[in-house]
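Me: I have a two-chain model open and would like to learn how to read it. Could you take me through it feature by feature?

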Amino acid sequence: MRVALLVSCLVDGLRPSVGAAALALLREAGCTVRVPRQQTCCGQPAWNSGDRATAQALALKVLQDFADVEAVVVPSGSCAGMVRQLPEVLGPEHPRLGEAEALAARCFEITDFLVNQCDFTPAPLGAGQTLTYHDSCAGLRELGVKSAPRTLLERAGYTLTEMTQAETCCGFGGTFCVKYPAVSVAMADEKLASARATGVPLVTGGDLGCLIHLAGREERAEAGLSFRHVLELLVPTPAPALGAGHP
Amino acid sequence: MSFQVHSQDFIARSRDALADAPLQSALGKLRMGLSVRRREAVAALPEFEALREEAAALRDYTLATLDRQLETFEAQVRARGGEVHWAPDAASARAIILELCQRYGAKKVLKGKSMVTEELELNEHLEAHGLRCVETDLGEYIVQLRRERPSHIVAPAIHLRKEDVAESFAAHHVGREHADRSTAEALMAEAREELRAHFLSAEVGITGANFAIAETGSTVIVTNEGNGDLTQSLPKVHIAVTGIEKVVPTLEDASTLLRVLARSATGQEASVYTTFSTGPRRPEDPDGPEAYHVVLVDNGRSAMLGTEFEAMLRCIRCGACLNHCPVYGQVGGHAYGSVYPGPMGAVLTPQLAGLDDTVHLPTASTFCGACEAVCPVKIPLPSLLRRWRQRAYDARLDGDRARWLLRLWAFFAARPRLYHPLLSAATMMLGWLAGPGGSFRRLLGGKAWTESRNFPAPEGGSFLAGLQGEEFAPTPRKAPSR
């Protein structure tokens, strides 16, 4: 299958290892992968801030950057969810609405894509390692991604211990985390307490925004959990984990 | 508009709430309690998802035919000897209700639990005209004693612990110096005794209505204590006050909504009491009020019809969105500074009070979607919140700094030839400064992040800038040998 990788601006800038893992995994799963060099951001910050004009301009750029592929694959539930909303961003009258609808229909969150489109089994890197999975809100509730990342981790040999609050928002929320930092951090603390209660050393998830926020709070609290994007666990990743523990 | 809000101070109020240990202890119980009970109730009813669809469609149909439904309702109430009063706004609603109380020579008014009368600030108005109002819902009664507002639309005193209630009772109940206030049961018994005297001495009972049934001209209240029933049956006059959107076409439709209401609100299959009021007492009836009035309140609701916010009028006030909102769960209802808190309040309040003073409400959400996922009438709450953000952005009500940063970022994101080298250089520098696995405790201009979180440093260099080529062939891994 010929797919395009939408890297997401957070992965591109903050954690290139996740981009490299995404590319390697898609290739291993038998895909021909195009990584459009002109891509920047899906426009979600503008869309969620109420700036329709900017969101539309960036939506059109996404349409251009990702034309002519069978599937667009994204290592983020949040950005994949945004691509699913492109028709709403353009609005019912827009001349390129049809294109946006077609793109939205062939956009996948990467763990969902690897499991449900490729039936992929990753290399057995997880033997003897235990971890817990944080469901990011957009992946879970906008896209219904719940079992796919867990399936990949289990196929790679990891042992999952679920936390009670796996589906509760961590408080990142894009610009929310800097507009309302006190509330944002209180939400992180509840999430982290739930994660610590599992007794595992590592938290993983499919969205870098949540993980950076949680790792930053865990480090400030001088507590020992580490954090990795789920893709980092499916290929050998030399970069240290996020958070104070970083083994 | 007379709808009072204190939402301008959301940030300060939310910080106070987070630092309020008793409040946090009460909220901790809420977070663990109601959402779990809802989940269990939903799991026990396989057709719940289908019922949500049905309920949403039913509400949409009602709103599309609202004028007809209301006219039918009015005719049916009249046919059964009741009176219907139309209140276009809060001031007229207050005036109508005051006039009714005066017409019947009332000195004391019992109140059943009603959010719309909170919206109208009815108690203050009646008391300013010499009437005594007594809230009879236990939670409302407690909140009234404390001169507070409800912090939750279904559970008004959810922000309080039993110790707080004991303290309020001690301060207000006369002649009970030695009362045992150590258990919830003892507190309930004390409130019951205090209320009993009021039930027998009030001339007017005012309740809300969960539904107004057009086909029968009935109002319905759903409660767990039964005090609402006493409020509408013991006094000689019953006044039901409700929003115009609460009408449903038929008794059958009301039962469809009742099936999702209690499960969504408290995880009960049905509330303990579901009571239908139809007209005043007939000669053959053993009890009931001599006069029955319904006040239908518009107060900004009809202005939402046909707009992008119409779906909000589907709301049946179950409170599930509050119970599942992680922001509400941290800060509680009072932080919102509006009678209607949480996700439903954040959509409704700007409509009732204007956006200028309420811009924080639609902004203070992570768009986590938990509210929409549990809404029994499938209101797309995050999407409606986003529409308020669009209006705020268009009216320049969002902060200048946020706006400027957004513009700057958008400028670069639209120009990949600038964006990529700059991103790569910036992340290279930050990565180098922090070292492998490092993080920042402080960042220039990043106080909002770093005041309580470290900022994990970028690895260094961007993914796209470091990538050789654009097209990559498959590299299927060989199956592991056994």
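Me: How many bridges join β4(B) to strand β7 of chain B, and do they run parallel or antiparallel?

Reply: This is a predicted model. To read a strand pair, count the bridges, then check the direction. Here 4 bridges join β4(B) to β7 (residues 237–243) of chain B, and the two strands run parallel. One bridge pair is Ile206(B) with Ile239(B) in β7(B).

Me: Which strand does β2(B) join to β4(B) with, and by how many bridges?

Reply: A strand can have a partner on either side, so look for a second set of bridges to the strand you began with. β4 (residues 204–207) of chain B is joined to β2(B) by 3 bridges, again in parallel. In that pairing, Lys111(B) has Ile206(B) as its bridge partner. Then follow β2 (residues 108–111) of chain B onwards: 4 bridges join it to β3 (residues 132–135) of chain B, and these strands run parallel. There, Val109(B) is partnered by Cys133(B) in β3(B).

Me: Which residues point one way from β4(B), and are they buried or exposed?

Reply: For the faces of a strand, sort the residues by the way they point, then check burial for each group. Val204(B) and Ile206(B) point one way from β4(B), while Gly205(B) and Thr207(B) point the other way. All four are buried.

Me: How many bridges join β2 of chain A to β13(B)?

Reply: Where a sheet includes strands of two chains, examine the pair at the crossing. 2 bridges join β2 (residues 32–34) of chain A to β13(B), and this pair runs antiparallel. Val33(A) stands opposite Phe472(B).

Me: How many residues of chain A are in contact with chain B?

Reply: For an interface, count the residues on each side, then sort them by class. 66 residues of chain A are in contact with 59 residues of chain B. The chain A side has 33 nonpolar, 18 polar and 15 charged residues. The size of an interface is often given as the accessible area lost when the parts come together.

Me: What radius of gyration does chain A have?

Reply: Compare the radius with that of a globule of equal length. Chain A has 18 Å, which agrees with the value near 18 Å for a compact globule of 247 residues. Its C-alpha trace spans about 55 × 45 × 25 Å along the principal axes. Chain A holds 13 helices and 8 strands, and 62% of its residues are buried. Among contacts in chain A with a separation of 6 or more, 74% are between residues 24 or more positions apart.

Me: Which domains does the assignment give for chain A?

Reply: Take the bounds, then the distance between centres, then the contacts. The assignment gives domain 1 (2–116) and domain 2 (130–233). Their C-alpha centres lie 22 Å apart, and 27 residues of domain 1 of chain A are in contact with 21 residues of domain 2 of chain A. On the domain 1 side, α8(A) gives the most, with 6 residues. That side divides into 13 nonpolar, 10 polar and 4 charged residues.

Technical notes:
Residues are numbered from 1 along each chain as its sequence is written. Chains are lettered from A and ligands numbered from 1 in the order in which they are written. This is a predicted model: local features need pLDDT of at least 70, side-chain atom pairs count only at pLDDT 80 or more; totals for chains, interfaces and linings use all residues. Two residues are in contact if their C-beta atoms, placed from the backbone, lie within 7 Å. Ala, Val, Leu, Ile, Met, Phe, Trp, Tyr, Cys and Pro count as nonpolar, Asp, Glu, Lys and Arg as charged, and the others, Gly among them, as polar. The radius of gyration is taken over C-alpha atoms; the globule rule is 2.2 Å times the number of residues to the power 0.38. A residue is buried if 20 or more other C-beta atoms lie within 10 Å of its own, exposed if 12 or fewer, and partly exposed in between; C-beta atoms are placed from the backbone. Domain bounds come from an automatic or database domain assignment.
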